[in-house]
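The exercises below concern helix packing in one model. Work through each task before reading its solution.

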Amino acid sequence: MRAFDTNYKLLDEMYRDEYYPSFLVDKVKGELQKVIDLLETGETDIEVIQAKWDEVVCAINDLQEEFDENDSEIETVARECIGETVGYILDWFGIPIDIEEAIRERDW
């Protein structure tokens, strides 16, 4: 079992950009944390891990309306930031899933 990198700031670029309300970035971060929590248990089954990614990405999809209601949206900067974060998580834990596959359920 490997703990996640305590020095890595999830979604740092979104937190630094006032366009994204921090409380909503917290919700996205909370979803990503669910994958980290799973991986920290030592889970290595790719199907189990991909199912968790699908669940998390669908939950992030569901936040889009709330972003809209707060004059924000999951657009280019957010997509790239989330994608980079997903890539970092995959690399950190040595999970052989392509970033695009991991976030295949996204509609943002």
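Contact here means heavy atoms within 4.5 Å. Helices (H or I, at least four residues) are DSSP runs numbered from the N terminus, as are strands (E, at least two). The model is predicted: local features need pLDDT of at least 70, side-chain atom pairs count only at pLDDT 80 or more, and totals for chains, interfaces and linings use all residues. Residues are numbered from 1 along each chain as its sequence is written, and side-chain values use heavy atoms, with hydrogens and water left out.

**Exercise 1.** Find the buried residues of H3 and the helices they pack against.

Solution. Step one: buried means under 20% relative accessible area, exposed over 50%, and partly exposed in between (1.4 Å probe, protein chains only). Step two: the residues that qualify are Ile49, Gln50, Trp53, Asp54, Val56, Val57, Ala59, Ile60 and Asn61. Step three: their packing partners are helix H2 (22-40), helix H4 (64-69), helix H5 (76-93) and helix H6 (99-102).

**Exercise 2.** Is Gln50 buried or exposed, and what does its side chain make a polar contact with?

Solution. Step one: Gln50 has 6% relative accessibility and therefore counts as buried. Step two: a polar contact is a pair of N or O atoms within 3.5 Å; within protein, one must be able to donate a hydrogen and the other to accept it, and residues adjacent in sequence count only if both atoms are side-chain atoms. The Gln50 side chain makes one with the side chain of Asp54 (2.8 Å). Step three: leaving aside neighbours within four places in sequence, Gln50 is in contact with Ile97, Glu101, Ala102 and Arg104.

**Exercise 3.** Describe how H2 is oriented to H3 and to H5.

Solution. Step one: angles under 35 degrees count as roughly parallel, over 145 as roughly antiparallel, 65 to 115 as roughly perpendicular and the rest as oblique. Step two: the H2 and H3 axes come within 9 Å and cross at roughly 170 degrees, so these helices are roughly antiparallel. Step three: the H2 and H5 axes come within 11 Å and cross at roughly 10 degrees, which makes H2 roughly parallel to H5.

Note on methods:
Axes fitted to C-alpha atoms, helices over the stretch in contact; angles between N-to-C directions.
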